[in-house]
Amino acid sequence: MGIRAGLLLALASACVPAFAEDWVYRVRPGDTLWDLGGAYLKPGVDWHRLQQHNHIADPYRLSPGLRLRIPLTWLRQQPAQARVIALVGNATAISSAGAERPVSEGMELGTGSRLLTALGASLSLQFADGSRLRLRESSELVLDRLSRYGRTGMVDTRVRLQRGRINNEVRRLRGAGDQFIVDTPTASSAVRGTRFRIHSGEQGTRAEVLDGRVAVTSGRRATLLRPGFGARAQAGDGDPLRPLALLPAPDLSSIAAQQDSVRPQFAWPAVAGASGYRILISRHQDFAALTADLAATAPSVTAPALEPGRYHLRVSAIDDQGMEGRESDTAFGIEGRPVPPYAVAPAAGGLVRQDRPALRWTQAPEAHRYRYEVADNPEFRNPVAQGGDVRGEAITVSEPLTAGAYYWRVGSIDAQGKKGPFGDAIEFTVRPLDPIDDIDLDEDGARAGGITFHWRAGQPGQRYRFQMSRSPSFERLRVDEVVEQPEITLPKLAGGTWYLRAQAIDTDGEVGEFAPAQKIKLPCRLCRVGAGAGALLILLSL
């Protein structure tokens, strides 16, 4: 036996009391060695050997309760299968002969089968003893050994996680021949009844134990993990395997039992020491298959669009070494009616020129009124505008919005006042082209032999069109120029009355409105000198 196998066996045997190499059967009333031999012994092993091994004088008179020892090598062993009990998304099964087929619920898989899950997919396997394994997205698993010891209830299960993540719920094993082993390219984990997670990737293997005990070996290194501890194993790492304490479970008590959006936002208090969080959403209370498998750096997340119904949420904190901590679960529901309307405007990615945008949506069935929210974040924390009693399919935001990115959503309210979920959040950008109505003469009156006008700058990247005329109708233009900056310097302007105006030109070529023209009266000495502090300037709005 090799060093690695010896360490694995020693640690595995430490998980439960040893039964040496025998399986123990407790005799029931009416049992005979003849019957027991036919039920449990493999062909070629006579029941007389069982009599001799247990020093039984009369094989026809067995006392109820007698502990009958049967060597593992004598037990009947049969191939077992794993069954797919839940599936979300797409997965592929490849048989030991190389035949490839899509995975479906109820499918049975034998030794040598290989499973591959696509992005966003997950599935659960149930083994012959009732143990379960959940294979997460973008993972690859090989069923290396699936067998059972006749009617003993013992199984011998060995799987190989080539890449990805698995969650396991292994029932308590019943004897020396009972084993559940998970191999990865860098470690092996032997289990004697527990809940644990295994991750295999380029950074090695991570094992995290939630309940029970797991023996982990990597090369010549080994450790026994108890509940609430994990370990990391990397190829070529000579340091001992050390149990690492897992972060505590997050507090999900503030999560509302009923969510008001088809894309619900969840938030919880931060866990000390957490650098991120793992968030799972499932229709199944046991998370047999996942509707969503998400990661977040902050203690909050926005779920993908969910169908109406009941869901279960599971969150664990991740430390700076990538170890996932203990889990917290809670349930929530999404009410589907009344259904939300479809958003019309602003459309996704739309550009709004007004600082008080108009929101429009379709008429929704069963809707008597509507509610809306506008926020500067997709989680809709602290909305900048909202309303809960809108009649009709449009509303103009009452307060002006500053330039920037925003999100809006709308939901229906039926005649009885029941609020349906919000629809999808729609992102849009506010970039108003404000009229330029504050054209001023430079404080020095002139610059470089000319007269300089300036005005308030618009958004970055905008240009400006400046016009001057003797006529308030701007029929004949003395100046008509496009400039990159919010100012213009003009040489040798004649004295008298002038009319001036400017408009913004956005980066996409969109042109803003002209504000009412401004009037300026220049004295003749200013036009002769070309400059002069204290020059008379009169600005009027027409």
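Arg136, Arg165, Arg195, Arg197, Arg206, Glu208, Arg278, Asp293, Arg314, Glu324, Glu327 and Asp329 are joined in a network of salt bridges, a salt bridge being a side-chain nitrogen of Lys or Arg within 4 Å of a carboxyl oxygen of Asp or Glu. By this rule the count comes to 29 salt bridges.

Before going further, a word on the model. It is a predicted one, in which local features need pLDDT of at least 70 and side-chain atom pairs count only at pLDDT 80 or more, while totals for chains, interfaces and linings use all residues. Residues are numbered from 1 along each chain as its sequence is written, and side-chain values use heavy atoms, with hydrogens and water left out.

| Salt bridge | Closest N and O atoms |
|---|---|
| Arginine 132 and aspartate 286 | 2.7 Å |
| Aspartate 293 and arginine 136 | 2.9 Å |
| Arginine 263 and aspartate 424 | 3.2 Å |

Strands here are DSSP runs (E, at least two residues), numbered from the N terminus. Aspartate 293 has a relative accessibility of 15% and counts as buried; arginine 136 is buried too, at 1%. Buried means under 20% relative accessible area, exposed over 50%, and partly exposed in between (1.4 Å probe, protein chains only).

Next comes arginine 132 with aspartate 286. Arginine 132 lies in strand S10 (residues 132-135) and aspartate 286 in the loop between strand S23 (276-282) and strand S24 (292-296), so the pair ties together parts 154 residues apart in sequence. Arginine 132 is partly exposed at 30%, and aspartate 286 is partly exposed at 32%.

What about serine 131? Its place is in the loop between strand S9 (122-126) and S10. Serine 131 counts as buried, with 0% relative accessibility. Its side chain reaches the backbone nitrogen of arginine 171 at 3.0 Å. Leaving aside neighbours within four places in sequence, serine 131 is in contact (heavy atoms within 4.5 Å) with Leu125, Gln126, Glu169, Val170, Arg171 and Phe180.

Note on methods: Helices (H or I, at least four residues) and strands (E, at least two) are DSSP runs, numbered from the N terminus. A polar contact is a pair of N or O atoms within 3.5 Å; within protein, one must be able to donate a hydrogen and the other to accept it, and residues adjacent in sequence count only if both atoms are side-chain atoms.
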